[in-house]
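Here are my notes on this one, written as numbered points. Have the viewer open while you read.

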Amino acid sequence: YKAVIVSDYSLGNLGHAMVAIEKVLEHAKTQNDKFIAYMYRMLCNCDQSRDYNDATEEGLRIMKMLGYGIPSSPNKVDMMKEEMLLNVSLRSRDFSFLINLPIKDQPILELIDHWSGLAVCCSREKEVQVATWRAIRHSIDHGIDRHLPSLLASLGVVYKKQGKLKKSYALGKVAVLMAERFCDHKELNANARFRAYAGLMGQIESFEKCADCLLQCANDFELAGKFELSFLSHMGYFYSYFASGLPLNSLLESKFLAVEDFSRRTNKISLSVTFQMQRQFACNLRKVTKFPTELNGEAFHEREMLETLDDNIKVQTLRDSSSHRLQLAYIFGDEECMLSMLGILASYPFTDALAPRLHNRLCFVGLGSFSMGRTRNDDSLMELGETCLLYFKKLAKLGSLNAIPVHAMLLAVKSPNRDTFENAIECCMQSSATHLKALVNERYGLFLLENDDQPLAKKYLARACALYYEWGANG
């Protein structure tokens, strides 16, 4: 029955899996025999209801039954106590020493790994921290399990939300290196790499490198039959692709169509909404359209799609569509659309589990806010821009390949003069982000036109045109 549970769940046959789960719970004699059934009941219930908070509570009850109780909503004293116990176990060593510990199966870590993924989705970061800290202590005493790399990456995502960027990136590196010791477990290896490259590594390493790794994760998940994780990896891949400024060409279009077709064949149609939106965004840039800042065309119809979605998914979809439209509005110079999208996006938190999606959003919220804040003399928009500037400043200080050109561009748009623009152009030209190179050359050219330097303005505007063409933005 245990094999049937795992098989049916992996194939998406949740009803059959629940029948097998109830059989195991009815006839099993010990808690250890019931372990798999409890864990997959939590996962099945969550997949059916999409209520991550209920699933998190169920996971906490299961861990308590197994003698591994985690406090629900831990307070400050609980957190200080757990952190102190972790530091005692680490004995002043950094997390990298975990990589070479002996390997030993630890079933409880499988439960914590699955549970932490659900808990992060409903912002139960404190519980994830406590559970992962305990998992690390357990591993130091008993050996590392193949689920520990994914847990370390999840802990890194929590640290990132807390603003501990250097620490979160270090955990991502440890997770990736540790996962290599479990390369025979394709699915788990891909899971650790996905969490690291989607959420953490792009803080410092180039999004182009992250895109390659995420595409490999998507292929590994597909081979393992984990279609939802494959789609999430594809999502991270496309956001990394856009953040890298890689070519908007027919090959990209074919990749989108292949993923959309795959989602229909695997009955995961709801997940294709994001890919359709991303494809429409690329279409608006690649082709001449009457309304280039509206996501309404051959791939996606924003208003119609939003009307079909439930409230939770609609909120997330509106955030993503508004982010895409803001980028289009900035590129095409549509000030009214820019103001409208900034009004929507200002209410969303400046966090995201997907690093490239957050990077794209904050980049253009910052550029749009400074641009419109100066034009409209709006202090609230200037403050919004400053928040984005601070985010990229922190990452740039850590040597982020992705943040350095964006930080320089934000400074130039905030305080436009020859020095800030020339510094921004130098930073962007040293990066591989073709879209940023095009934008900064165009903005400097327009600045020079306003200041009556037409010969130099023509030089930069001509370079911008060539860079837009190289990017594939022919619209």
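1. Exposed means over 50% relative accessible area, buried under 20%, and partly exposed in between (1.4 Å probe, protein chains only). Helices here are DSSP runs of H or I with at least four residues, numbered from the N terminus.

2. Before going on, a word on provenance: this is a predicted model, where local features need pLDDT of at least 70 and side-chain atom pairs count only at pLDDT 80 or more, while totals for chains, interfaces and linings use all residues. Residues are numbered from 1 along each chain as its sequence is written, and side-chain values use heavy atoms, with hydrogens and water left out.

3. The N-terminal end of α17 is capped by Asp334, which has a side-chain oxygen 3.4 Å from the backbone nitrogen of Glu336.

4. Have a look at Glu127 too, in helix α7 (residues 125-142). Glu127 is buried, at a relative accessible area of 3%. Leaving out residues up to four places away in sequence, Glu127 touches Ile70, Pro71, Ser72, Ser73, Pro74 and Trp115.

5. On to voids: the largest cavity has a volume of about 80 Å³. A cavity is a set of points, on a 1 Å grid over the protein atoms alone, where a 1.4 Å probe fits but cannot get out; lining residues have an atom within 4 Å of a point. The volume is the space filled by probe spheres set on the points, which are joined across faces, edges and corners.

6. Which element gives the largest share of that lining? It is α16, with 5 residues. The lining of the largest cavity includes Arg319, Asp320, Arg357 and Arg361, and its residues divide into 2 nonpolar, 4 polar and 4 charged.

7. The second largest cavity holds about 40 Å³ of space. Among its lining residues are Phe207, His359, Tyr391 and Asn402.

Note on methods:
Polar contact = N/O pair within 3.5 Å; in protein donor to acceptor, adjacent residues only side chain to side chain. Helix = DSSP H or I, 4+ residues; strand = E, 2+ residues; numbered from the N terminus. Contact = heavy atoms within 4.5 Å. 1 Å grid on protein atoms, 1.4 Å probe; cavity = no way out; pocket = protein on both sides within 12 Å on 5 of 7 lines; lining within 4 Å. Nonpolar A, V, L, I, M, F, W, Y, C, P; charged D, E, K, R; others polar.
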